[in-house]
Amino acid sequence: MRARMALKYSGIEVEHREIEFRNKPPSMLLVSPKGTVPVLCVDDLVLDQSLDIMHWALEQSDPDGWMGFEEEASRVWIEKNDGPFKVLLDQYKYPNRFPDLLQEDVLNSAIDLMLKPMESKLQSSNYLLANKISLADVALFPFIRQFAAVDPQKFEGLPFDSLKKWLNQHLESELFNSVMEKHPTWIDTAEKTGR
Ligand SMILES: N[C@@H](CCC(=O)N[C@@H](CS)C(=O)NCC(=O)O)C(=O)O
C-alpha cells in the first residue's frame, strides 16, 4: 500500500500486475527471486522493497515536500517500524504461528515500542515529523492500520486519541482510497503460450 501511495502521489503511471501468492509468475521470480510484493521494474532497474520504491518515486517528484526535513527522525521511525514493530505485528496478526506467546503481552510490547511514542509525538504535532505529512507518516500508516484491524474494539479502547485521529485521517484520505481499488490478477500470456 505504501509503495502504491508513493507512486500515486508522485504522479507516476505504472502497469499494475496483480499476482496471486500461491501462483507467482515466473517472470516476477526471474527479476526478484525472493518472491515478495511489491516489485517495481523500470527498464533495467528492479526495486523489490516497498521503501526503496517510495524513495525512488519521491526522487522523481515530491510535490508537497514529503522528504527533505527531519531526516534522522524519519529514519528512526521507519527503522523501528520495519524492524521490531513488524515482528510484533506478525505475532499479533498470526497468534497460531506463535503458540508460546500471549497476545496480551504482544499487544503491550507494541504499545511500549510504537503506539505510545507515536501518541506522544502526535499530541504535539499533526504528523510524525512535523505539522506536515511526510514519508514517515505514509510509510508507517499501513502497518498501524493492520495492527488496529486485528482487534478494532481493543484498539478503539486504547487511550491514544491522537494516534486514532492520525490513523483515521489517513484511512479517509483521497490518496489511500485511490490506491485501494482491486485489480484483476495479471495473466502472464508469455508463460501460457510458452514464449
Ligand atoms: N520488506 C518488504 C516486505 C515485502 C513483503 O513481505 N510482502 C508480502 C506481502 S505484504 C509478500 O509479498 N508476501 C509473499 C508471500 O507471502 O508469499 C517490503 O517492504 O517490500
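This is a predicted model: local features need pLDDT of at least 70, side-chain atom pairs count only at pLDDT 80 or more; totals for chains, interfaces and linings use all residues.
Student: Which helices do the buried residues of α5 pack against?
Tutor: The buried residues in α5 are V106, L107, A110, M114, L115, M118 and L122. In an α-helix there are 3.6 residues a turn, so residues three or four places apart point the same way. The partners against which the buried residues of α5 pack are α4 (71-93), α6 (135-150) and α8 (161-171).

Student: Which element gives the most to the side of domain 1 that touches domain 2?
Tutor: The chain is divided into domain 1 (2-64 + 179-190) and domain 2 (71-177), and 10 residues of domain 1 are in contact with nine residues of domain 2. On the side of domain 1 that touches domain 2, the elements giving two or more residues are α1 (2-9) and α3 (50-60). The element that gives the most, with five residues, is α1.

Student: How many residues of the shell around the ligand are charged?
Tutor: Around the ligand lie F21, G35, T36, V37, P38, Q49, S50 and L51. This shell divides into four nonpolar and four polar residues, and the number of charged ones is no residue at all, that is, no charged.

Note on methods
Residues are numbered from 1 along each chain as its sequence is written. A residue is near a molecule or strand if its C-beta atom, placed from the backbone, lies within 6 Å of it. Ala, Val, Leu, Ile, Met, Phe, Trp, Tyr, Cys and Pro count as nonpolar, Asp, Glu, Lys and Arg as charged, and the others, Gly among them, as polar. A residue is buried if 20 or more other C-beta atoms lie within 10 Å of its own, exposed if 12 or fewer, and partly exposed in between; C-beta atoms are placed from the backbone. Helices (H or I, at least four residues) and strands (E, at least two) are DSSP runs, numbered from the N terminus. Two residues are in contact if their C-beta atoms, placed from the backbone, lie within 7 Å. Domain bounds come from an automatic or database domain assignment.
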